[in-house]
Amino acid sequence: KIELPKHVDYIIKELQKHGYEAYAVGGCVRDVILGREPEDWDITTSASPRQVKEIFKRTVDTGILHGTVTVMFDKMGYEVTTYRIDGEYEDNRHPKEVTYTPYLSEDLMRRDFTINAMAYNEESGLVDIFEGLKDLKEGRIRCVGSAARRFDEDALRILRAVRFSAQLGFDIEEETFLAAKEMAEHLQNISAERIRTEINKLLLSPHPDRLFIAYELGITKVVLPEFDPMMNENKLTWKGEEPRGSFYLRSIKLIEEKLASAGKGKEKEYLILAWTLLLQGLSAEEGREVLKRLKFDNETTEYVYRLITWNSYEFLLTPYGMRKAANLIGKDLMRMLFCVKETLILAEEGSLSNRKGGELEKAKELYKEILNKHECVELKELLVNGKDLIELGLKPGKAMGQVLGELLEAVLQEPSLNNKESLRELAAEKIVS
Ligand code: ATP
Ligand code: MG
């Protein structure tokens, strides 16, 4: 027996009261059986979208063309989708048309994997026509029906198979695996956004190193071709010789462990770190191109670009050296850069009790002191600004920028100079000379 959240239970019972069938379906059923918290609750019903909208007060047409209406309670939305058969597929991409069906079994048949094709309501219990429960218990990703046909209809499912394998720690069943390998090239027809979503879910999973399976299946060759050469080059670490690509995946696994303890809400930062580790073998420009191609947001793309750039920077382990580093690198990046460096030392050496680990520890301490003392390392922390310099007779423009730069450098060298009086004095000297 599955405990449904009260809104889901209400929606299902309300639909049934009006003479329709309704079930919780797909990912949420899979997740509760596994004891995982479902991301969202999807409901499948024999009612048409129009009929669903007649029953519930607050609805949003989120995917009306595909039969989906979102029913709102408080701020929560529940997707209610009419039983449907996906029509013929175009370009291994989307169904040309959707057809509604009165049968739950046909709706379950269109779904990708057996573990995602189970439905539940209180009245009928678990509806499991494709042995999804067995595959769930035995840890298997298996297509519903003929794997080759299902991948031909929608090539994204090939990447989804790997993603679920990484999220759940499951194996991919043989027929499904072989068909995936056969059809991986079709992923070239899939949009960057859909691919990005799946790779990100894979990287956020407990087994990000299963990106290796995507490599084995020929998926990375299509969606992340920069990764494949990294598997053909060896790197010497405390584990011995290993492909550089495997080393990167092992590093990502190390921050995954940190994410698990940091919890939710850290996903964006974690993805920035994961992509930095994955792409560090490229130049910062090449790395940026990968993320642009996958249509990442600008913030993520720029952070990864800067982290790759500064990852090779060697800290000068003096108070001045660290102020200078913080100035060049930017305070917004320092914590993440420390994390990247620490992760790489751990992956390379197996521990932090070594020269590199010691030096990093020292750098972190020096930086912490800068923060504790509120020392100025950025222009915006300088206690004079352009207006002050205008009062001293300087005109806005290039010369002004130059003087501000020199004042900042003076403060980096001697933090106690960061007060209005000293800075004005210093500025006056510079203006005269
Ligand atoms: P999660 O939400 O945890 O990422 P999920 O299984 O809920 O995983 P969704 O993408 O939310 O995945 O899709 C919900 C359900 O819709 C799936 O469980 C599956 O039954 C079906 N589904 C989603 N995408 C596809 C697809 N490309 N082909 C066939 N069925 C799909
Ligand atoms: Mg879902």
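One aromatic cluster is formed by Trp310, Tyr313, Phe315, Phe338 and Tyr367. Residues are numbered from 1 along each chain as its sequence is written, while chains are lettered from A and ligands numbered from 1 in the order in which they are written. Because the model is predicted, local features need pLDDT of at least 70 and side-chain atom pairs count only at pLDDT 80 or more, whereas totals for chains, interfaces and linings use all residues, and side-chain values use heavy atoms, with hydrogens and water left out.

Aromatic rings also meet charged groups, a charge being said to sit over a ring if NZ of Lys or CZ of Arg is within 6 Å of the ring centre and within 35 degrees of the ring normal. The charged end of Arg288 lies over the ring of Tyr305 at 3.7 Å from its centre, and that of Arg196 lies over the ring of Phe296 at 5.8 Å from its centre.

An open sheet is formed by 7 strands, in the order S3-S4-S5-S2-S1-S8-S9 and with mixed pairing; helices (H or I, at least four residues) and strands (E, at least two) are DSSP runs numbered from the N terminus, and two strands pair if DSSP finds at least two bridges between them. The edge strands are S3 and S9 (125-127), each of which pairs on one side only. From one strand to the next, the twist averages 35 degrees, with axes taken as lines fitted to C-alpha atoms, for helices over the stretch in contact, and angles running from 0 to 180 degrees between N-to-C directions.

Strand S3 (residues 59-63) runs antiparallel to S4 and is joined to it by 3 bridges; Thr59 has Val71 of S4 as its bridge partner, and Gly63 stands opposite Thr68 in S4. The hairpin of S3 and S4 has 4 residues between the strands, and in it Gly67 takes a positive phi near 90 degrees. Strand S4 is in turn joined by 6 bridges to the antiparallel strand S5 (residues 76-82), in which Thr81 is the bridge partner of Thr68. In the hairpin of S4 and S5, with 2 residues between the strands, Asp74 takes a positive phi near 50 degrees. Strand S4 (residues 68-73) is largely enclosed by the rest of the structure, because 5 of its 6 residues are buried, that is, under 20% relative accessible area, with exposed meaning over 50% and partly exposed in between (1.4 Å probe, protein chains only).

Helix H2 (residues 27-34) lies across S1 (22-25), S2 (42-45), S8 and S9, at about 60 degrees to S1.

Not counting residues up to four places away in sequence, Glu378 touches Asn327, Gly330, Lys331 and Leu408, contact meaning heavy atoms within 4.5 Å. The structure holds 0 disulfides, a disulfide being a pair of cysteine sulfur atoms within 2.5 Å. Cys28 counts as buried at 2% relative accessibility, as does Cys376 at 3%.

Notes:
Phe/Tyr/Trp six-rings, centres within 6.5 Å; stacked < 30°, edge-to-face > 60°.
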